[in-house]
Every structure is written in C-alpha cells, then in structure tokens.
Amino acid sequence: MMNKLIFGRYIPGDSVIHRMDPRAKLLLSFYFIGIIFIANNWATYVLLFAFTLLAIKLSGVKWSFFINGVKPLIWLILFTVILQVLFSASGGTVYFKWGIITISQLGLVNGVYIFCRFVLIIFMSTLLTLTTPPLELSDAIEYILMPLKVVHFPVYEVALMLSIALRFVPTLMDETEKIMNAQRARGVDFGEGNIFQQMRAIVPLLIPLFVSSFNRAEDLATAMEARGYQGGEGRSKYRILKWQARDTWATLAFAVLTVALVGLRLYV
Amino acid sequence: MAIDFKQVGFTYQPGTPFATQALTDINVTIPDGSYTALIGHTGSGKSTLLQHLNALLKPTTGTVTIGDRVITPETSNKDLKALRQHVGIVFQFPESQLFEETVAKDIAFGPQNFGASEADALKTAADMLALVGLDAELLDRSPFDLSGGQMRRVAIAGVLAMAPQVLVLDEPTAGLDPQGRLEMMEMFAKLRHERELTVVLVTHQMDDVANYADHVIVMDQGKIAKTGTPQEIFQDPQWLAEHHLGLPKTTAFAQQLMAKGIQFDQLPLTEDQLAQALAHQLGGATQ
C-alpha cells in the first residue's frame, strides 16, 4: 500500500550529490523551488529542466525512481493543469468557447508551464530525499533553525523530536502493517463497505497503534534518561556537518542558474 | 484442513525499484491434522510463508490450496473472510492487537466479525478465557490493565474464539518466562488433540520442535531446504549447522556423549528417548 510511495525515501549511494552537505542540499532545494517562479518562457523552462536532469545524472540514481515519484501525484497535477487550461482568461488565439469554459492559446501554454513547475519541484525534492538520509536532514534543519534561539525557540528539542519522529516512521509503518494483518486474520475488512463501515474498521488499527506508541515513548524516555540525557543544552555532537568545496561549487552553480534565468526572462 | 503449496513464489513490491523476492518455488504440503514446525534462519521467509496460509498475502506465482479453496495470483480480495475463519493466525507478540474496552469484547471481536451474535460471542469469550487458563473475573477488565503474559493469553483466546481448523502460531512463546512457555506449549498440544486441529508452529526453539511437532519444514533463503519428521531433520547436525540451525538440548547432549564413545542407533530428541537409550545401554529394563 504505502510501500509504493517513492517520495520521501532514501537510497544509499556515493555520488557527488550524496556527499554534499545536507544544509546545502536543503537550502538549495528550497531556493530552487523559489527560482522556478522566475521562469516564464520556454527557454527558461528548458534551462531549468537541463539543470535538474544534470543534477539527477550526477546523483547516479535511476531515472525510474523519479518517474515513480511523480506517479502518485499525477492526478493532482492533471487536475490543476486542466483547471488552468479550461478556465484561464482568454489570450492569443481562442480555439474553443462554451459558456465559462474557454480553451485559448494562453491557457494551453500556462497549463504546460504549470505541469513543468510541478514536475521540476517533485524531481528536485525527490532528489533531495533520495540522496539525503533522514537523520542528516534533521541535523540540517537543526542548524538552519539555530538563529531562532534568539527568540527562545526550543531548537534542540524540536530537532530531537524531529529526529526521533523520522527514526520511528518505518518502525510505525511496520507496526501498522503487522496490526492490520492481525486484525484481518480476525475478520476485519479494511477499505471495504460504505464510509461508516470503513471508519469503524480503522478503530481496531488505531487504538493498538496509539497504545503501542505510548508504550514505546515511555520505554524510550526511560532508556534516554538512563543513558544520561538531560536536555538539549550543552551536548556535543557525533555527526558534525562539514561545508566543503563541492557545496560552494553547487551554490555557485545555482547563482549562475539564477543569473541565466533572469537574463532569459528579460531578453527572450 | 490440508494446505498445499505448488510452485509458489512471492515478491514484495513487484514492479518497483524496491522489489525483493521472498519466496522461490515453494512446493510443500501441510497435512491435515499434523503438527508442523516451520524453522529456519531469520529472514528465511518463514513469516512470508505464514501469511500465505490464510491469504493475507497472495502468491505472485504458483497456487496455494487451502482446504478446497485455491488461491492464485489472480484471486480477488473479496470473500476471503470464510477462509480466514478456518485458519487462525497468532502473530508474533499478539498482545499488540488488543483494542477493545474489555477483555470479553476483545475476544468476542473475531466471532462477531464472522457473523456470530453478540450474546453467543460473549459466551464463547468466557469459554475461551477459561481455556487459556485465565480467571473469569478478568472478563470485564480492560485488556491494557493486564500483565504481558495475560495479554498474550487474551490475544490467543481471541484467535481461538473463531474456532479455526488450522492454528498458525508465530513464535507464540517469545518473551515469556520458562513456566509460561511450558504452559502455553502444553495448552496448544492439548487443544490440538481436543479439537483435532492442524497446528503450524514457527519457532526458533528446537526443544519445542522435538517435543511437539510431527512434521518439520526447514526454510533457507526463501526456499524449502528440507522436510521430514523431527527424527529425520535432527539426525544430521552438520547439515543443520550449515543452515544456521541448532539442535534440541537433548540431542546436543547425546552428541557430546557420542564423542565420548557412547553409541546411539538414532540421535534421541527428547529427554525420554535419551533416558530410554541410556538405560538400554546400561543393560537396564526398557519399558
């Protein structure tokens, strides 16, 4: 069921992208999503696609992973694109008009652009999660949140919660699967019948999951205290993030990309 | 109810980059009324095989015949319920499946799903609780107030309440104290005789295999490595070691005796057999 979801998984590897600093990867991915909106003509989109495909190539991850990453979201994307095509204001040649539905050249072009944006965003964020272990990501988020300490934001605690949450996602998924199977063996039909029957069928899954989470939390807290955990302040770090030359190069590449995008937007 | 596997293969997440083959070309029969032990190294595919026994998983190739139902890769997920009533599975750490407000309701949950009336199901619940050796006063308690061992028994009672013809046990005694383990294994043996059940036991405890099972299936890397009686399986300690399996304590001890020059016609599996063989050697009377 959930196993089909590629989005958000990590594939171990040893490429340039894998070895990049997670802070650089996280920030640059966000930055990339920001600069996608600079693009407004075909030349800019071609440039963005070329850049993304180059990044994917560098990561050495198979193309099929990215295609699979888009698949679960394809209906959402098509829905948005179709809305855009059918209801956008007329501009350029109008091909078809019926009531409020207008298919125009501008609408079609906008539809294609939106499709490209979705695909680019999904490709880049899939690239981020496929090449970065979840724990490194949470380290990166901790680092990026650090300035918020000035306003007494509990950065360490949030980072701890984040890394524990990430660590337990697969464990909880396994547990869910196990309890579902156990209840199925006792005659529960998941995903069958009308909406109320379906909701009722979830109860024998949810309650054991919550109970086991409570138990797990208690055990984990005890184990952490027994190992001398007293709070985030004043701890040293085992995993130390290191900004390296390749991260600077990557940042430069993004800077060049931005300049090129702005240039293409203005002059093409 | 016999369960028959014909050229069964199973792949997790087929068609994705994460596809992993868990079972390859499984051909094996679990005879009606047998006490079958399923053993093998961790990750050998035991649990995957086990979920085929009541069609929680469907084979990706081949067929599984459960009683008179044939499960193929194309079998639809509808109307498998009847099948699941006949094959009760007690999963590892079954206490994590408890959810109802009271013990009675939790045990009655299974039968009610299969169409029993509430009154009947609650009556069955009371019987089942006695059967697994718990006090009737626990019926109205919350399952979450019980001790770990009691919760395990309630969960097992919940499976037995469906009156299955095949009882599948996935390491039912993991994490229990020795007394609890013995009681539980004796309970299953008793149940098997009283209700003429077919029992499938997945375990790492070779002593339990030697003491209770009459048919053993050894799995290795998703394949059937060997099938036979416990006697046959445990005659070849070398082969077992190659497949990362141990011997029952008695057999291991007998082997040490052999190294010191005592001869056995056949390696003994249980304490009784060993005692008999030794008494015989010393010239004593055998029963």
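Figure 1. B:Glu101 is exposed, because its relative accessible area is 55% and the cut-off for exposed is over 50%. The model shown here and in the other views is a predicted one. The side chain of B:Glu101 meets that of B:Lys105 in a salt bridge, with 3.5 Å from N to O. B:Lys105 has a relative accessibility of 32%, so B:Lys105 counts as partly exposed. Side chains of opposite charge can pair when their charged atoms come close. Over all chains, the structure holds 15 salt bridges.

**Figure 2. Salt bridge between B:Lys6 and B:Asp4.** The closest N and O atoms of B:Lys6 and B:Asp4 are 2.9 Å apart, and the two residues form a salt bridge. B:Lys6 counts as partly exposed because its relative accessibility is 47%. Partly exposed residues lie between the limit for buried, under 20%, and the limit for exposed, over 50%.

**Figure 3. Salt bridge between A:Asp21 and A:Arg23.** In chain A, the side chains of A:Asp21 and A:Arg23 meet in a salt bridge, at 2.8 Å from N to O. Are these two residues buried or exposed? A:Asp21 is buried, since its relative accessible area is 2%. A:Arg23 also counts as buried, at 10% relative accessibility. Both values fall under 20%, the cut-off for buried.

**Figure 4. The two domains of chain A.** Domain 1 of chain A is made of two stretches, 2-132 and 243-267, and domain 2 covers 145-226. Taken over C-alpha atoms, the centres of domain 1 of chain A and domain 2 of chain A are separated by 32 Å.

**Figure 5. The two domains of chain B.** Chain B is divided into domain 1, residues 3-247, and domain 2, residues 248-287. The C-alpha centres of domain 1 of chain B and domain 2 of chain B are 33 Å apart. Where they meet, 11 residues of domain 1 of chain B are in contact with 10 residues of domain 2 of chain B. About 930 Å² is buried between domain 1 of chain B and domain 2 of chain B, and 58% of this area is on carbon and sulfur atoms.

**Figure 6. Close-up of the interface between domain 1 and domain 2 of chain B.** How many salt bridges cross the interface of domain 1 of chain B and domain 2 of chain B? There is one salt bridge across this interface. B:Lys249 and B:Asp207 form a salt bridge in which the closest N and O atoms are 2.8 Å apart. Two residue pairs are in polar contact across the interface of the two domains of chain B, both at pLDDT 80 or more. On the side of domain 1 of chain B that touches domain 2 of chain B, the elements giving two or more residues are helix H7 (206-212) and helix H8 (230-233) of chain B. H7(B) gives the largest share of that side, four residues. By class, the side of domain 1 of chain B that touches domain 2 of chain B has six nonpolar, four polar and one charged residues.

**Figure 7. B:Asp236 in a loop of chain B.** B:Asp236 is found in the loop between H8 and helix H9 (237-242) of chain B. The relative accessible area of B:Asp236 is 31%, so B:Asp236 is partly exposed. B:His280 is 44 residues apart from B:Asp236 along the chain, and the C-alpha atoms of the two are separated by 23 Å.

**Figure 8. The interface between chain B and chain A.** In this interface, 25 residues of chain B are in contact with 25 residues of chain A. The area buried between chain B and chain A is about 2,200 Å², and carbon and sulfur atoms give 61% of it.

**Figure 9. Polar pairs and elements at the interface of chain B and chain A.** Two salt bridges are counted between chain B and chain A. B:Lys81 forms a salt bridge with A:Asp189, and their closest N and O atoms are 3.4 Å apart. Seven residue pairs are in polar contact across the interface of chain B and chain A, both residues at pLDDT 80 or more. Which helices of chain B each supply at least two residues of the side that touches chain A? They are helix H2 (81-86) and helix H3 (103-113) of chain B. The largest share of the side of chain B that touches chain A comes from H3(B), with four residues. The residues of this side of chain B divide into 12 nonpolar, 10 polar and three charged.

Definitions and conventions: Residues numbered from 1 in each chain as written. Chains lettered and ligands numbered in written order. Predicted model: local features only at pLDDT ≥ 70, side-chain atom pairs only at ≥ 80, totals over all residues. Heavy atoms only, no water. Domains from an automatic or database assignment. Contact = heavy atoms within 4.5 Å. Buried area = accessible area lost by both parts, 1.4 Å probe. Salt bridge = Lys/Arg side-chain N within 4 Å of Asp/Glu carboxyl O. Polar contact = N/O pair within 3.5 Å; in protein donor to acceptor, adjacent residues only side chain to side chain. Nonpolar A, V, L, I, M, F, W, Y, C, P; charged D, E, K, R; others polar. Buried < 20%, exposed > 50% of the residue type's maximum accessible area, 1.4 Å probe, protein only.
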